[in-house]
Amino acid sequence: MVEIRMRVNGAEVSAELEARVSLLDALRVRLGVTGPKKGCDQGACGACTVLVDGRRILSCLALAVQYDGSEVTTIEGVDHPLQAAFVRHDGFQCGYCTPGQICSAIGMLAEHAAGAPSAATEHVAGAPALTRTEIRERMSGNLCRCGAYNGIVAAIEEVAP
Amino acid sequence: MTQAPPAAVDTAGVLGRPVDRVDGTAKTSGAVRFSTDYPYPDLAHAALVCATVARGRIISIDTAAATALPGVLAVLTHENAPTMNPPRAVTLLDLSTMAASSTVNVLNTDEVHWDGQPVAVAVATSPEAAAEAAALVRVDYQASPSAVDFDAALPDAVEQKNSMLAPAGGSKGDAERALAEAAVSVDLRFTTPGHNHNALEPHGTTAAWVGDELTVHDGTQSIEWTRRHLAHRFGVPVSNVRVIAPFVGGGFGGKARVWPGTVLAVLAARATGRPVRLLLTREAVYRTVGGRTPSVQRVALGATASGRLTALVHTSTTLTGRAGGSPEQVVSQSRHLYAAKHMLLRQSQVTLDLLPNTSMRAPGEAIGTYALEAAIDELAHRLDLDPVELRLRNEPERDPLDGKRFSHRRLRAALEVGAARFGWAGRSPDPRSMRDGRWLVGWGVAAAYHPSWQLPAALTLRLSADGSVVLRSALHEMGMGTATAQAQIVAHELGVPFESVRVEHGDSALPSGPPAGGSAQTASLAAAVLSVCAELRGAVHALARRSGSPLGRRPLAGLAARDGGLFGPDGGETYVEVLTRAGRAHLDASVGGGSRLRRFADQARFMTRLALDGRRWVRAASGAHFCEVRVDPDTGEVRVSRWVGVFDIGTVVNAKTAASQLRGGIVMGLGLALGEHTLVDPRTGRIMNANLSEYHVPVHADVPELDVSFLDDPDPTMPLGVLGAGEVGITGVGGAVANAVFHATGRRVYDLPITLDKLL
Ligand code: FES
Ligand code: FES
């Protein structure tokens, strides 16, 4: 058992955990923060995406003990214009992928603002414009089986600076 | 046979308006709870152990190491699990029997019927301990000879008479002879692989017993069926079981029946006396929840030199499990789409020792339209005729197979409007004749077609003296926007603001809604909402009369529901005024009902209507897809770059959510066309790619802007004119992509998915 402390959505929390517990299960099962979803538990769907110190990560592939002392933001702690944009553009249907899509998009916008290129970027020097192609490439780790991709991209496009 | 026009005047313009979803804020803030998000004190967690032989018997099962693990509460097997009643046989006299996904009483038998059948469930105080315990269970099997290879079993296929609610085949004239004599003909063989729904939410259940009372949070598309199924399996009265499912993380048919995970969560809770949560691993979803059957299809078409169809042959072979499955209506659309003089339609099935197959979004039509529409395209190519023109030339006036009337038919308009939106006139007809730089460009077209159904539904409506309205029904919200659409219909029918209507849903404690399947939910509920609103307007009028309101002196027929009340040409009163004067806090109305007799009556009415409707006319949603692909000539990579879809789904209740449903269907169709393939090892019957890394569903980068529009023309025979939008979107997509790929490359792919190796 390991004791860890984190800030989750602004609140100090601590938990006694086995080292094998993923950050996703620590949040969902131990801390009752059920916004992040489990779609595969294998890093293949993005439903579990949360922000750790502002960066997007797949919480199912992370051990909670690695994040001792971190600042974790899940969908419950997000207050961002993207949320209203998702509603306006119908960027979801069932809503199961939505917490991950929104957290991922926030992380993605920060990566882009920091000048990070993607596989779709033509010229890696210089700041790539956030075209739809760029958005799609950068969001491709977040599956939406309901197929709300058009709405998600439109919402991100509207909110992107 | 037209329905009386709705009595309400659409003053608010709420019907059809693209209003935002009522649950939008909840879904974007993490407030929505799915079946495994519910906290319970002392919650235990379960994990499954799945069989590793396709057929046989368990000769020993060693749970000692698993049971000894710290935190493990129980390891249940057929040797120690509580007894359950075996699933009921499926009968059309009680549609809820369709909840049974197989005939196997899992964990109450030592027999194994498919590779992946659950043989044990580990229950522990943490999900990690449960998973580890499951991994430590050692099972020895005595394997029996099994048949698991679809291709090898094809010669043993037997003809299929019915596909659940519709006939499986049909014929007219002598199609084979007409084919042989046709001026131009094609005779093609297509194959499609198995598919898995892969709703992003894996099947998950939280079950809690208090004495003989059971509460189940379950990701299900059929709350009432699940409730009845569980009551039967566990031998308790139906009224003791409550199924709660206000939000489901996608279903697509995969959550319509009760699969072993649900039953085993309930069993584990019963055995341990603790609430139990079982969220299936993605792998366990593949192993224990059926998917779409693979198919082999023959489509043969004969035509005159001017492109009039003289012969249409469509036959299919699909599979089903020896322990259950559902018939797949692969040739269904071919009865209705083209005016061929001679027709032969036939479906056959092979039975294998595999997990029972089940309905997946447009079962039958999703893959049937691929083969039919690719064959039509090939015929157009051989005739040197534009493929849109060939379709228009063969657009029937009446149902081609038996001459029944169409309730309405707008396929011609869909093709014409779609062609104009897409710019189809600019297509150069020859394959490999369009390029953009190094990319080969191809344009393809295909028709979409899905039959429309209506199922019984019960609901109640309460109008309160503050003007608010609450609609209550155990309807399902898996992303279709059901609550939003029904609130719009209520607002329209009562003439009240949309914002004043609230919908309570997803709980078997509410009046029972129809199962969410067959694209039938919206129309089925609409019928009930129309009648409950009429009843409520009548109740308001009666109350007005009794309480001395001026409204009471005017006949109800001369009043319109608008502006929050009932009004005639010379004025009226609001509901608030009527209720306040009468001193009533609220007024209630209901349709359908919980009593056994009423349920039976509803069901009888449903079956009668089904039979009558089927005899009278042919009714379906339809549409036209136009697709542009780019193919890399060196690598064979296919990119879909443009899409136009025009649909006839009858009345559009909410333009925003309806468009999303159609887009969702198209996206899943892109998966079917280009990537999705459940790989079954032909030696062992084991699914080899039971995960989301090796089963390729479309991702953001695979999906271009999808230009979706509707003809928005009410069907005169459906409640409110609604035809259903959940499934028609996926039909025809495989054909449109395959046809575009042919146009780009000159290569026709007869075997889905169209992966790059098939283009090199
Ligand atoms: S649950 Fe983490 S990526 Fe799927
Ligand atoms: S909204 Fe259902 S998976 Fe994205």
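## Charges and surface

In this predicted model, chain B carries 74 positive and 75 negative charges.

Chain B exposes about 25700 Å². Carbon and sulfur atoms supply 52% of that area.

## Overall build of chain B

Chain B holds 17 helices and 32 strands. Its radius of gyration is 27 Å, close to the 27 Å that the globule rule gives for 760 residues, so chain B is as compact as a globular protein of that length. Along the principal axes, the C-alpha atoms fill a box of roughly 80 × 75 × 50 Å.

Burial is counted over the 760 residues of chain B: 64% of them are buried. Contacts also reach along the sequence. Of those in chain B with a separation of 6 or more, 81% join residues 24 or more positions apart.

## A residue inside: F647(B)

F647(B) sits in strand β31, which covers residues 638–648 of chain B. The relative accessible area of F647(B) is 0%, so this residue counts as buried.

What is F647(B) in contact with, leaving aside its neighbours within four places in sequence? The list includes A448(B), S622(B), G623(B) and H625(B). L662(B) and I666(B) are also on it.

F647(B) and S239(B) are 408 residues apart in sequence. In space, their C-alpha atoms are 42 Å apart.

Terms used:
Residues are numbered from 1 along each chain as its sequence is written. Chains are lettered from A and ligands numbered from 1 in the order in which they are written. This is a predicted model: local features need pLDDT of at least 70, side-chain atom pairs count only at pLDDT 80 or more; totals for chains, interfaces and linings use all residues. Side-chain values use heavy atoms; hydrogens and water are left out. Helices (H or I, at least four residues) and strands (E, at least two) are DSSP runs, numbered from the N terminus. Buried means under 20% relative accessible area, exposed over 50%, partly exposed in between (1.4 Å probe, protein chains only). Contact means heavy atoms within 4.5 Å. The radius of gyration is taken over C-alpha atoms; the globule rule is 2.2 Å times the number of residues to the power 0.38. Accessible areas come from the Shrake-Rupley method with a 1.4 Å probe; for residues, only the protein chains shown count as cover. Lys and Arg count as positive and Asp and Glu as negative; His and the chain ends are not counted. The place of a charge is taken as NZ of Lys, CZ of Arg, CG of Asp or CD of Glu.
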